[in-house]
Amino acid sequence: VSFLFYTVVLNAAAWHIFERLWFPLPTWYPLIFWITPGLAVLGIAATVLISTRVRSFMAAYQASASLVLVVVALLVGQVAGVIYLTVGAALLVGLLVWMVAAALSWVAVRTFRRKTLLIGGN
């Protein structure tokens, strides 16, 4: 939804220059529909794994907030043109992200202990 809003605002702001809809470019589709959901799953799995290792929810929250930097770096790099992912490269990066997310999810589910988390012990 936020990407749709971003697309509408960007095209509306640039309409007087381009006089057509120009965004999103084809290289953005894998980034939005393939890599972003994979990063979301990866972030959730990492947050669960982090919460099993720290003593408080605040520590888990702070540690998992640093995962946002990965997404911001990809977005800024793509927008600035520093990182130019072709569709094929983005699909491969997405596959790697999904593989890491699946492995991390498996580990997080195996190590998560609700009782230990609720009583505050490690």
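**Notebook: loops, helix packing and a surface patch**

I began with P24, which I found in the loop between α2 (15–18) and α3. I note at the outset that what I am reading is a predicted model, and I keep that in mind for each entry below.

I wrote both down because most residues other than glycine have a negative phi, and most peptide bonds are trans.

**Entry on α3 against α4.** How do helix α3 and helix α4 pack, and at what angle? I took α3 as residues 28–53 and α4 as residues 57–65, and I found an angle of about 140° between them, with their axes 9 Å apart. The two helices are therefore oblique to each other, since an angle has to be over 145 degrees to count as roughly antiparallel. I recorded the crossing of α3 and α4 as right-handed. Between these helices runs a loop in which I found V54, and with a relative accessible area of 24% V54 is partly exposed.

**Entry on α3 against α6.** I then turned to helix α6, residues 87–111, which packs with α3 at an angle of about 25°, the axes being 8 Å apart. That angle makes α3 roughly parallel to α6, as the limit for this class is under 35 degrees. The crossing in which α3 passes α6 is left-handed.

Is I35 buried or exposed? I placed I35 in helix α3, and because its relative accessibility is 1%, I35 counts as buried. In helix α6 I looked up A103, which at 44% relative accessibility counts as partly exposed.

**Entry on distances.** I35 and A46 are 11 residues apart along the chain, and their C-alpha atoms are separated by 16 Å. For V54 and L104, which are 50 residues apart in sequence, I noted 17 Å in space. A103 and E19 are 84 residues apart in sequence, and here I noted 46 Å in space.

**Entry on the surface patch.** Which residues form a nonpolar patch on the surface? I found Y6, L75 and V79 there, with about 270 Å² of accessible area together. I traced Y6 to helix α1, residues 2–13. Its relative accessibility is 35%, so Y6 counts as partly exposed, and a residue needs over 30% to be taken into a patch.

Key:
Residues numbered from 1 in each chain as written. Predicted model: local features only at pLDDT ≥ 70, side-chain atom pairs only at ≥ 80, totals over all residues. Heavy atoms only, no water. Patch = residues over 30% accessible without salt bridge, like charges linked within 9 Å, V, L, I, M, F, W, Y side chains within 5 Å. Areas by Shrake-Rupley, 256 points an atom, 1.4 Å probe, with all protein chains shown as cover. Salt bridge = Lys/Arg side-chain N within 4 Å of Asp/Glu carboxyl O. Helix = DSSP H or I, 4+ residues; strand = E, 2+ residues; numbered from the N terminus. Buried < 20%, exposed > 50% of the residue type's maximum accessible area, 1.4 Å probe, protein only. Axes fitted to C-alpha atoms, helices over the stretch in contact; angles between N-to-C directions. Parallel < 35°, antiparallel > 145°, perpendicular 65-115°, else oblique. Left-handed = near helix turned anticlockwise from the far one by under 90°.
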